[in-house]
Amino acid sequence: MKSAVIVFPGSNCDRDVADALHAATGKPPVMAWHRDAGIPEVDLIVLPGGFSYGDYLRCGAMAAHSPVMREVSARAKKGVAVLGICNGFQILTEAQLLPEALLPNSNLQFICREVGLKVEAAKGAFTSHYQEGQTIRVPIAHRDGNYFADDATLDALEDSGHVAFRYCDDKGAVTQAANPNGSARNIAGVFNDRGNVLGLMPHPERAFDPATGRTDGRAMFDALIEALN
Amino acid sequence: MKARVHITLKKGVLDPQGKAIAHALASLGFAGVGDVRQGKYIELDVGGADEAKARAEVTAMCEKLLANTVIENYTVDIAK
């Protein structure tokens, strides 16, 4: 599996995800700068976490219009796998590659801690190595992760199986108390219609190496390798 | 010409900052403040003398970048 990580000014998880990809695939990903108009042929494009363009205007708004995103958008429409983590998720919603929007956390605070996630959809290139309903623990680190959509859109997302992960408690119960940021229906990650684009606020690349704690994020990289090799 | 753009959250979109402002006002003793909604104000210098053209251009800017129309409304005022 060949992969590329897009680096924007203000990205700060690009190295973390590059290290995880390198360790998982045995080869380093291509690091593509935001001004690059082209990206080499790859099987997976990752938009990393961080604060692209200083979060000016809205999180992800400036990055969504950077030159490299035109290419990311074209590849996504061709079916190339695109993964947006944290700020990458925000960029994908601003670029309209994923539905709806992310608002400031309901408590207005930056939250950096581990959360419980319920795997809602174990399918496709990203999540097939999880079990549906499985509870995993992965860190979050964001101020604007409050997923917003109106009720009709949320119903449609649920009915079509486009919700990938929800925040849950230790027992796997999806409760208000387990919702760190106010996200609608505890949604932590969503797929696009075709299933080749996934955005999520939690950081699977920070739950990869036993040296930094849990390894619950590793199954996502293993699933990608199996699907895209 | 100057274009003045007001960007506000759509009805039904949570506004935690507005809520925090309402609480702060109440704790300062300002009674009777109901819902508070906050937003953004952007001022742009735009060239040309054609008001309709400027309005169309700034509206396009709002649609493309300045506002996220999934969650925000915007208004454009053009002042000579």
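A:L117 touches residues well beyond its sequence neighbours. Leaving aside those within four places in sequence, its contacts are A:T135, A:I136, A:V138, A:F165, A:R166, A:Y167, A:C168, A:A188 and A:P202. The model is predicted.

A:L117 also belongs to the largest nonpolar core, which has 75 residues. Together with A:I6, A:L117 has the most contacts inside this core. The largest share of the core comes from strand β9 of chain A, residues 163–168, with five residues. A second core is separate and has seven residues. Among them are B:A3, B:V58, B:C62 and B:A67. In soluble globular proteins, nonpolar side chains tend to be buried together.

Chain B holds an open sheet of three strands. Their order is β2-β1-β3, and the pairing is antiparallel. The edge strands are β2 and β3, each pairing on one side only. On average, neighbouring strands of this sheet are turned by 15° against each other, direction ignored. Strands of a sheet pair through backbone hydrogen bonds.

| Strand | Residues |
|---|---|
| β1 of chain B | residues 2–9 |
| β2 of chain B | residues 39–45 |
| β3 of chain B | residues 72–79 |

Strands β1 and β3 of chain B run antiparallel and are joined by eight bridges. Which residue of β3(B) stands opposite B:H6? It is B:T75.

Helix α2 of chain B, residues 51–66, lies across β1, β2 and β3 of chain B. Helix α2 runs at about 155° to β3(B).

Note on methods. Residues numbered from 1 in each chain as written. Chains lettered and ligands numbered in written order. Predicted model: local features only at pLDDT ≥ 70, side-chain atom pairs only at ≥ 80, totals over all residues. Core = buried A, V, L, I, M, F, W, Y, C linked by C-beta atoms within 7 Å. Buried ≥ 20, exposed ≤ 12 C-beta atoms within 10 Å, placed from the backbone. Helix = DSSP H or I, 4+ residues; strand = E, 2+ residues; numbered from the N terminus. Contact = placed C-beta atoms within 7 Å. Pairing = 2+ DSSP bridges. Axes fitted to C-alpha atoms, helices over the stretch in contact; angles between N-to-C directions.
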